[in-house]
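Hi everyone, thanks for coming.

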Amino acid sequence: MLDGQPVAVFQPFIDTASGQIAGVEALARLRDADGHLQSAGPLFADPKTPAAALRKLDRAVREQAFARFQDAPPDWFLSVNISPRWIGRLRPQQALPSLKQLAGSAIDPRRVVFEITELGGASQRLAAVAARYREAGVRIAIDDFGAGYSQLDRVLALHPDILKLDMRLFKEAARGGPSGEVVKALALMAEKTGCWIIAEGVETEAELHFALECGARFVQGYLFAKPELAFFDSDAFVEHFARLRDAYVQKKLAERMRLMALRRQLAELFTQLKSDTQSRAPAVTPATYPWLLRLYQCDRHGTQITPNLEWRDGRWQADDRYLGHNWSWRPYFYQLLAEGWDERRLVLSNTYRDATTNQYCLTAGQFIDDGARLLLVDIDASGL
């Protein structure tokens, strides 16, 4: 049995476009004998907790959430957690308990999101149940997206409206490094499938910045509010969010200014290099351009026709290993072909991770000799 009285508390979702509260998530708490509220999360994660007791707790909290949400602003949505572990117990065409609860609440189903939690459960039957939710007007969210490979299967099977990024992966990604690129790729996939992204567990300004970088539609976390019994006013965090969003915009503007400065420096560099394209000892050095990694040339079809020139031990040294390699398949190369061919202008690629050195790089290039050759410069992006 579970000790304590089940209580529904609510944590707001902040709309990143307006800073207003767009909705709330209902979370389970247990009130102990002293009146203190404790998270029920450990009980749901404990395999020793009786399944029947968890179902009872789950439905009691959901019942409270539906009843109390009728007092929320009419433009809010309510997200409630649905565990797929119960689905295996349902008979075919059996009435769904969560929909029966919702029908008895007089809440418009279009204001409700059923958040599918956990990786386990009767996944083969989950798609059919999700379809019944959608027929009733309820939207579908997948929680902890990115936590495991089976989540990709669920996206394909459930066609969710919302993806909530896995909190642990999100927090790690917000600190930078390879996981950041993984989460951005997941967010891009969500955008391409028409899903909204929710970033939960946002506790710091850096995490909010990363959520905005990922295109999150809503953010949720202690940076704004802990789960509470009462509802906040819709505009409770508008000013706070506006200050944080402005700081993010200023940060991005500073990055853009650095990129513009880099482009000016590159224009100077290419002017010098084009007058000395045959030399294995160019006059330029990383002392003037500290981000400079290597120089090389390709023909217009992407095949490397000169060695890499890299600065080592105070001088330019040639590396012949990549002569004859074709780079036309690399994103930076067809970007150069698309943008720099007709006007022979300098083109700068997006940031990428170099497969050989594992460095974050940019590649700048410009056609020379009437388009017969392409002069390329690899740039260390880590300090930019």
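Let's begin with helix α9, which gives the most to the lining of the largest pocket: nine residues. Please keep in mind that this is a predicted model.

How much space lies in that largest pocket? About 1500 Å³. The lining is made up of 39 residues, and those closest to the centre of the pocket are E181, K184, E213, E255 and T351. By class, the lining of the largest pocket divides into 17 nonpolar, 13 charged and nine polar residues.

Take α6, residues 167–174, and α7, residues 178–192: their axes come within 7 Å and cross at roughly 125 degrees. The crossing in which α6 passes α7 is left-handed. On the α6 side the contact is made by L169, E172 and A173, and on the α7 side by S179, G180, V183 and L186. Sorted by class, this contact of α6 with α7 has four nonpolar residues, two polar and one charged.

What about α6 and α8? Their axes come within 9 Å and cross at roughly 100 degrees, and α6 and α8 are therefore roughly perpendicular to each other. Here F170, K171, A173 and A174 of α6 meet E207, F210 and A211 of α8. The contact of α6 with α8 has five nonpolar and two charged residues, with no polar ones.

How many cavities of 30 Å³ or more does a search of the whole structure find? One. The largest cavity has a volume of about 130 Å³. Of its 13 lining residues, I82, W86, P97, S98 and Y133 are the closest to its centre. Helices α2 (51–69), α3 (97–103) and α4 (123–135) each supply at least two residues of this lining, and the largest share, three residues, comes from α2. The lining of the largest cavity has eight nonpolar, three charged and two polar residues.

Terms used
Residues numbered from 1 in each chain as written. Predicted model: local features only at pLDDT ≥ 70, side-chain atom pairs only at ≥ 80, totals over all residues. Heavy atoms only, no water. Axes fitted to C-alpha atoms, helices over the stretch in contact; angles between N-to-C directions. Helix = DSSP H or I, 4+ residues; strand = E, 2+ residues; numbered from the N terminus. Left-handed = near helix turned anticlockwise from the far one by under 90°. Contact = heavy atoms within 4.5 Å. Nonpolar A, V, L, I, M, F, W, Y, C, P; charged D, E, K, R; others polar. 1 Å grid on protein atoms, 1.4 Å probe; cavity = no way out; pocket = protein on both sides within 12 Å on 5 of 7 lines; lining within 4 Å. Points joined across faces, edges and corners; volume = space filled by probe spheres on them. Parallel < 35°, antiparallel > 145°, perpendicular 65-115°, else oblique.
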